[in-house]
Number of protein chains: 2
Amino acid sequence: MSAAYERYLEHMQGLHALGSALSLLGWDQETMMPPAAVAHRADVRSHLSGLVHDGTVDPAFGDLLAELQESPLDDDQAANVRETVRDRDRSVKVPRELVTELSRVTSLAQQAWVDARTNDDWDRFGPLLAQVVDLRRREAEAVGYEGEPYDALLDAYEPGARAADLAPLFDELRPALAELTREIGERQAPDARAALQGRWDPAAQERLSRRILADMGFDFQAGRLDTSAHPFTGGSHPTDVRLTTAYDPADPAKSLYSTIHEGGHGLYEQGLPAAHAGTPLGEACGLGIHESQSRLWENQVGRSRAFMEYLLPLLREEFPEQAKRLDGDALFAALNVVEPSLIRIDADEVTYNLHIALRFELERDLFRGDIDVEDLPHLWRVRMTEDLGVSPLGDSDGALQDIHWSFGALGYFPTYTLGNLYGATLFAAAGKELGDLDGRIARGEFAPLLDWMRANVHAHGRRWSGDELCRRAAGRGLNTDDFLNHLRAKFGVR
Amino acid sequence: MSAAYERYLEHMQGLHALGSALSLLGWDQETMMPPAAVAHRADVRSHLSGLVHDGTVDPAFGDLLAELQESPLDDDQAANVRETVRDRDRSVKVPRELVTELSRVTSLAQQAWVDARTNDDWDRFGPLLAQVVDLRRREAEAVGYEGEPYDALLDAYEPGARAADLAPLFDELRPALAELTREIGERQAPDARAALQGRWDPAAQERLSRRILADMGFDFQAGRLDTSAHPFTGGSHPTDVRLTTAYDPADPAKSLYSTIHEGGHGLYEQGLPAAHAGTPLGEACGLGIHESQSRLWENQVGRSRAFMEYLLPLLREEFPEQAKRLDGDALFAALNVVEPSLIRIDADEVTYNLHIALRFELERDLFRGDIDVEDLPHLWRVRMTEDLGVSPLGDSDGALQDIHWSFGALGYFPTYTLGNLYGATLFAAAGKELGDLDGRIARGEFAPLLDWMRANVHAHGRRWSGDELCRRAAGRGLNTDDFLNHLRAKFGVR
């Protein structure tokens, strides 16, 4: 290894140490921190974020990277340097005052969003969102783009993603999903969810969550499960991955699928190559592939008919009373009701992407300047009625429902659909190669599927784009066929 | 405020942010961290510690402090600058390679200590301890001292403390405590502890711990209580103070007094002036005064006869079966058995300081070069037999019992006795001023005592030395009379 590359690794380890501390500070804030500490915590996070920024844009580091780009490097080293240059270029282009101002405005916007949503009062949030959009538009101009401004935002979450490439995907999905929703709706039992009525002891839900995670292959020696208001996956290293879930005594499906979803993210994080920790080769490929891992465990595995065979004995153990009235078919039906609804996070596997399509198009149009922030509540209602056939009563069930915009995450939503598509393609390829996935899932033998993902997805870090990774792993890149075929097969449509 | 002082505050806030992150990383490691993360965590802590060191010894910061020392400052500013210069001088004097080497050796020594104690095998630990002692002797030479090398170590934990001042205190305490132990031993019931036999549900112990902390005035909006192998108080700000305890189903006294002890530390941390957070005026005065707060709540309050009146109804609520056989006198007797024993952390209020005297003298003699590390196991046995009349069977119950030396904390033990002495003096002064402390304690009215400590101790941070703080608060400084009088009155001796 050259002395220059050693200096690069040392610098990256320093940035990673700060990033790891920031990650712990963030996890702790959502799970453990005493409420009165919020102001102090903001100061600490802000200072450490500043150190990361300074260390990233440091001109000496830029010189070192330029030197490395001209040096002989092996494949791993070249990939790391390429991706680090990519990240650094973005950081360098965004003026520090823009970063600071965005941080300030989103702090206010997050509080305003809570108030606005609680009081169903768009006007408390709209003006701040307008500022956020304006700042992120300036960021897009600073970063630059080939197609349109929105691309610069998409790229922050899914490297290389462009609105012009995403639009055709959504155009294919929208009518197909609407038709599937209609057809499934006609044939499903009207009261399937009633099978899950009653009280489900949170302590038993927690034992069930831990049991399923362990069976999936989540390593509790290198991770934790806790609770938080909004489930998420945190952590800073393959040896320290932290999941959260939430237990609702009235709805066992909520913790069940939060746990499996975050478990999928967690398996990815635990499977990233520890030897590359702190460099791009030790990082997730992008949010699309990250979401593919959570969604395939949640939906392709966890909501499959086969999974019910695995799940039912566990439910009988933890909830003997409630499980009496359940069999595999009833459980499958209860956990797979497909119907248009107002809230994205409660949406089923089929209609979910209609919610994303709506958000993608509104965001893109905002950044094109075709619509204004103040139009969002009205346009949301119109689009919900057109695309899903349901109309929000207020904005709390409409344009105010998601937390994302309040912290500036515009361009983020499309990665959820990318995750669903990549997940379906990767799962289909794994199934073809491994054979009898249904049988394995029914028996709770998840190791072969995890091993396949470890070898074909997790091990590669950020070496390739999501599309390239998927192509190498599954023999084809991003597409809607595998996802739609999965839904058709699962629900027996056409 | 001058521009220079503003720059000083900004620099201190940056160091405090890093210190706060380090504090969370440390707390998390003892309470929450998955075991596999230990190596990554060591890297993160080491990097952040390096940044704190670099920021402290930064020559530009030195110039700024020198400029401030020549500038007109108000009292608060002058105290902060004086103490910061004091801290920085020490950091500057210790060569970085010595810091790094000490960190490396103590990492090894901590693991070796665990093995050595588990296997009662001094030889696994002794050679590493010899290295630790050698490194800390070099540190003492680098830092400098007026009296003897050991003073430079004492000063790191208790600013200004000197062996020559501590020795007479221990010389006063040793015979007096030995005599007290003998006299109390003669009159106490032989089987007082039997009243606490049985199984004590850990969940009920936890509810009791939380109830007592809340009654003491600990603010759970600005703090937490968790469990760890060795109870401690962590946290980084008056709004974020984290206590730990440990629940032993066979011994309710263990969690009870760990909780109250750490609660005393926690009340001090929550009472430090938040406006000065990040500067010396927002920090604890020293370990002696810190320990005074934990020990006075643990012993003067929590082990008093009056406290039993408060405690008994709580025990009846949480442990109705076991509490049946208890009354106030039996409870007091069970929680106040005085007898020489081998293990410091299990020692009673009277014999505890004999354990400290032994450690003080052995450490001092080590740094004088009068004894060698390899002599410690033998000398320990001799001194235990002479001073306490009990002899350890192996070194696990002798010179290997404490964790402190393994992480290099030589010069730390004496602060425990300072805490006992300061605690007795402060408690006596508060009692004189407030009146009827016994009645208040019996009724669970702890607020007046806490308010007195807030106003007379907590509010002042590091403005004065421990002795000066005590003198201003209690009308007299460090002394053995108040402590010995407290014991005599409590146990009805002479």
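The C-alpha centres of domain 1 and domain 2 of chain A sit 25 Å apart. Domain 1 covers 3–149 and domain 2 covers 150–494 of chain A, with bounds taken from an automatic or database domain assignment.

A word on the ground rules. This is a predicted model, in which local features need pLDDT of at least 70 and side-chain atom pairs count only at pLDDT 80 or more, while totals for chains, interfaces and linings use all residues. Residues are numbered from 1 along each chain as its sequence is written, and chains are lettered from A and ligands numbered from 1 in the order in which they are written.

**Between the domains**

How many residues of domain 1 of chain A are in contact with domain 2 of chain A? There are 41 of them, meeting 40 residues of domain 2 of chain A; contact here is a pair of residues whose C-beta atoms, placed from the backbone, lie within 7 Å. On the domain 1 side of chain A, helix 1, helix 4 (75–93), helix 5 (96–118) and helix 6 (122–143) each supply at least two residues. Helices (H or I, at least four residues) and strands (E, at least two) are DSSP runs, numbered from the N terminus. Sorted by class, that domain 1 side of chain A has 18 nonpolar, 14 polar and nine charged residues. Nonpolar covers Ala, Val, Leu, Ile, Met, Phe, Trp, Tyr, Cys and Pro, charged covers Asp, Glu, Lys and Arg, and polar covers the others, Gly among them.

**Between the chains**

Chain A goes onto chain B by a rotation of 180° with 0.0 Å of shift along the axis, at an RMSD of 0.0 Å. That is the relation of a two-fold axis. In chain A, A:Ala21 has the C-alpha nearest the axis, at 3.2 Å from it. The superposition is by least squares on the C-alpha atoms of residues with pLDDT of at least 70 in both copies.

Both copies use the same surface, as 100% of the contact residues of chain A recur in chain B. The contact takes 25 residues from chain A and 25 residues from chain B. On the chain A side, helix 1 (3–31), helix 2 (38–57) and strand 1 (223–227) each supply at least two residues. Helix 1 of chain A gives the largest share of that side, seven residues. The chain A side divides into 13 nonpolar, eight polar and four charged residues.

In chain A, three strands make an open sheet in the order 1-3-2, with mixed pairing. Strand 1 and strand 2 (233–237) of chain A stand at the edges with a single partner strand each, so one side of each is left without a neighbour in the sheet. From one strand to the next, the twist averages 15°. Strands count as paired if DSSP finds at least two bridges between them. Strand 2 and strand 3 (residues 240–245) of chain A run antiparallel over four bridges, and A:Gly235 stands opposite A:Val241 in strand 3 of chain A. Helix 10 (residues 252–271) of chain A lies across strand 1, strand 2 and strand 3 of chain A, at about 165° to strand 3.

Chain B also has an open sheet of three strands in the order 1-3-2, with mixed pairing. Here strand 2 and strand 3 of chain B pair in the antiparallel sense over four bridges, and B:Thr233 has B:Leu243 as its bridge partner in strand 3 of chain B.

Two packed helices are described by the angle between their axes and the distance between the axes. Axes are lines fitted to C-alpha atoms, for helices over the stretch in contact, and angles run from 0 to 180 degrees between N-to-C directions.

| Helix pair (chain B) | Angle | Axis distance |
|---|---|---|
| Helix 3 (residues 59–69) and helix 4 (residues 75–93) of chain B | about 145° | 10 Å |
| Helix 15 (residues 352–368) and helix 16 (residues 376–387) of chain B | roughly 145° | within 11 Å |

Which hand does the crossing of helix 15 and helix 16 of chain B have, left or right? That crossing is right-handed, whereas helix 3 of chain B passes helix 4 of chain B in a left-handed one. A crossing is left-handed if the near helix is turned anticlockwise from the far one by less than a right angle, and right-handed if clockwise.

The contact of helix 15 with helix 16 of chain B has seven nonpolar, no polar and two charged residues.

Methods: Two residues are in contact if their C-beta atoms, placed from the backbone, lie within 7 Å.
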